[in-house]
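The sequence and the structure come next.

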Amino acid sequence: MPELSIYSREEVKKHSVPGDAWIIIDAEVYNVSTFADLHPGGAQVLNELAGKDVTEDFYGLHRQDVLAKYARLKIGRLANEEPQYPLPEPGALSKVPYGEPSFFLGYKSPYYNESHTRFRKAMRKIFEGLQEEARLSEDANKPPSAELYRQLGEAGVLATQIGPGPWMKGLTLPGGIKGEEFDLFHELIAHQENARVGSPGFADGISSGYIIGLPPVLHGGSDELQARVVPQVISGQKRICLAITEPTAGSDVQNIRTTAKRTPDGKHFIVNGVKKWITNGTFADYFSTAVKTEKGITMLLIERDDNVETKAIKTSYSSAAGTSYITFDNVKVPVENVLGEEGNGFMVIMANFCKERWYICAAINASSRFITEESFKWCNQRKVFGKPLISQPVIRNKLANMISELEAVENWQENLTYQMMHMDWFEMATRLLGSVALLKYRSTRVAHNVSDEACQVFGGRSITKTGMGRYVEAFQRTYKFAAILGGSEEIMADLGLRQAMRVFPKSARL
Ligand SMILES: Cc1cc2nc3c(=O)[nH]c(=O)nc-3n(C[C@H](O)[C@H](O)[C@H](O)COP(=O)(O)OP(=O)(O)OC[C@H]3O[C@@H](n4cnc5c(N)ncnc54)[C@H](O)[C@@H]3O)c2cc1C
């Protein structure tokens with residue numbers, strides 16, 4: 001990197017021809033003489049602007065991270081002028097109004113304290129550092145590498161996504177948080193920050209299967225099973241997923257056909273059947289699986305062997321998520337691998353669904369917030385008809401819709417998180433199943449609206465995979481995942497109401 005010098009605007013003006021082209025962006029001087037031919041937008045545009053201050057043009061067409069990418073072209077800065085748009089420090093929180101949940105913008109909260117801020121910054125830094133790898137991985141349909149997975153395990157990132165519990169004892173987590181002080185609001189942040197990586201297939205590839213597949217082991221596995229499996233999975237040595245859905249059983253979980261028949265000596269089950277759309281299944285070592293035994297629906301931990309076949313299913317995000325079709329062909333599983341009690345699997349599944357749906361809400365609401373922030377920035381930056389977009393009332397109204405809907409679901413989620421903190425696993429499933437279902441229903445409706453408004457304000461860029469609108473493009477292509485997996489919108493809305501009817505007082509009359 002050449003040493004940076006101090007220049008006057010007059011000096012920069014002298015370098016205004018092809019082959020000797022300097023430009024000013026935000027009080028910093030770039031030599032684009034040799035870069036012009038490599039410029040994705042063509043040499044002509046750059047050469048025409050040579051010698052000038054192009055700050056406004058630059059920010060109308062490029063994301064700020066382009067400057068970091070081409071930092072090697074920077075040769076100096078202007079005398080007596082300071083940059084107006086400095087690049088944020090890694091892990092910095094947003095200062096854009098509504099760019100963070102309100103506590104992280106300086107407002108009071110009954111739920112958060114300083115440790116949550118420290119934790120959020122540390123997690124943001126980790127996931128920001130993965131953004132480039134995530135994009136490349138998603139484009140190449142490649143899941144996060146086993147090496148990255150192990151690194152995330154070692155850094156404690158995987159542990160943070162599974163929530164507070166005895167398995168946290170003795171761990172030091174990102175931001176220096178001790179395992180013992182980790183609470184459900186830290187976990188909420190962990191899911192939010194993972195989602196902000198901005199590449200949904202890769203984000204799910206990191207830990208979606210693990211987040212929903214490990215809890216049945218934590219809450220229903222024998223001591224021996226937990227002692228063996230949990231450390232391997234939390235440390236990133238092995239991967240786990242949740243296998244409930246089948247080609248003939250989606251919303252109607254009771255209809256699963258996968259069977260587990262006891263061997264004559266009673267020591268094993270022999271499992272046969274297929275599972276569909278199982279996230280992380282292509283690379284999982286363990287499968288928390290819903291099967292039917294003679295006693296009814298049962299959850300069973302199946303370990304990968306030669307009789308387990310997993311094939312990738314192509315979806316609209318990417319195969320980075322490891323979405324799979326699984327065939328169990330006479331798989332022999334020890335009876336000790338039952339999770340919970342045999343025949344009581346439906347209860348285990350429902351309890352697990354409650355937490356899974358809460359996690360999906362955290363992720364989709366964080367993505368909606370990120371997209372809202374992107375839109376807010378864009379509306380300030382983009383000039384149309386000679387004025388910033390934000391000066392148009394109709395555009396401000398779109399942002400108002402996005403923000404007001406988002407704040408409602410975020411605040412509802414914080415309230416439900418607080419309730420969950422004061423309930424055990426099964427109480428949560430009985431008392432909060434309906435509320436969490438309704439929250440999920442509303443959160444994905446909000447995501448639908450956020451996507452719609454964001455697309456309109458970004459115009460053509462919202463359907464272009466690179467450049468200013470690339471996160472909006474990824475969001476509009478993938479937000480529907482949250483509206484279907486873990487229970488679709490129609491089922492969520494109805495479940496919420498049916499649960500409310502269970503406690504509706506018989507005496508209530510108008
Ligand atoms: C990318 C992806 C990843 C997934 N990951 C996993 C995973 O890791 N593990 C796992 O077990 N499963 C996973 N799933 C499965 C997911 O949970 C199911 O897709 C979901 O439960 C819906 O089931 P279905 O797709 O079979 O839809 P169906 O049950 O066929 O429903 C189709 C439509 O009809 C509506 N509908 C159904 N019944 C009713 C009713 N009674 N009243 C009104 N409307 C109704 C539904 O809302 C839905 O819109 C995943 C799915 C996808 C697409």
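Which helix gives the most to the lining of the second largest pocket? Helix 13 does, with 8 residues.

## Basis of the values

This is a predicted model, in which local features need pLDDT of at least 70 and side-chain atom pairs count only at pLDDT 80 or more, while totals for chains, interfaces and linings use all residues. Residues are numbered from 1 along each chain as its sequence is written, and side-chain values use heavy atoms, with hydrogens and water left out.

Helices (H or I, at least four residues) and strands (E, at least two) are DSSP runs numbered from the N terminus.

## Domains

The protein chain is assigned domain 1 (5–78), domain 2 (102–234), domain 3 (240–345) and domain 4 (350–502); such bounds come from an automatic or database domain assignment. Between the C-alpha centres of domain 1 and domain 2 the distance is 40 Å.

## Nonpolar cores

A nonpolar core is a set of buried Ala, Val, Leu, Ile, Met, Phe, Trp, Tyr and Cys residues joined through side-chain atoms within 4.5 Å. Buried means under 20% relative accessible area, exposed over 50%, and partly exposed in between (1.4 Å probe, protein chains only).

The largest nonpolar core has 106 residues, and Tyr210, Leu214 and Ile349 touch the most other members. Helix 13 (residues 345–381) gives the most to this core, namely 17 residues. A second, separate core holds 18 residues, including Cys241, Leu300, Ile326 and Val331.

Contact means heavy atoms within 4.5 Å. Apart from neighbours within four places in sequence, Leu214 has contacts with Ile162, Gly209, Val230, Val233, Ile234 and Ile240.

## Second largest pocket

Pockets and cavities are found on a 1 Å grid over the protein atoms alone: a cavity is a set of points where a 1.4 Å probe fits but cannot get out, a pocket is an open set with protein on both sides within 12 Å along at least five of seven lines, and lining residues have an atom within 4 Å of a point. Grid points are joined across faces, edges and corners, and a volume is the space filled by probe spheres set on the points.

The second largest pocket contains about 1000 Å³ of space. Its lining has 42 residues, and Gly250, Phe353, Leu485, Gly486 and Gly487 are the closest to the centre. At least two lining residues come from each of helix 10 (200–213), strand 10 (268–278), helix 13, helix 15 (425–431), helix 17 (470–484) and helix 18 (489–502). Domain 3 and domain 4 each supply at least three residues of this lining.

By class, the pocket lining comprises 21 nonpolar, 14 polar and 7 charged residues. Here Ala, Val, Leu, Ile, Met, Phe, Trp, Tyr, Cys and Pro count as nonpolar, Asp, Glu, Lys and Arg as charged, and the others, Gly among them, as polar.

## Cavities

There are 2 cavities of 30 Å³ or more. The largest cavity has a volume of about 390 Å³ and a lining of 24 residues, of which Ala195, Pro200, Asp204, Ala363 and Ser367 lie nearest its centre. Helix 9 (184–195), helix 10, helix 13 and helix 17 give two or more residues each to that lining, which divides into 17 nonpolar, 6 polar and 1 charged. Domain 2 and domain 4 both contribute residues to the lining, so the largest cavity lies between them.

The second largest cavity holds about 70 Å³ of space. Its lining consists of Glu100, Pro101, Arg120, Arg124, Gln192, Glu193, Arg196, Ala366, Arg369 and Glu410; by class, 2 are nonpolar, 1 is polar and 7 are charged.

## Single residues

Most residues other than glycine have a negative phi. Asn280, in the loop between strand 10 and strand 11 (286–293), has a positive phi near 70 degrees. Asn280 is buried, at 2% relative accessible area. Phe385 has a positive phi near 50 degrees and sits in the loop between strand 16 (383–384) and strand 17 (387–388). Phe385 is exposed, at 78% relative accessibility.

Why does Ser137 count as buried? Ser137 counts as buried because its relative accessibility is 10%. This serine lies in helix 6 (residues 131–139). Not counting residues up to four places away in sequence, Ser137 touches Lys142, Pro143, Pro144, Phe202 and Ala320.
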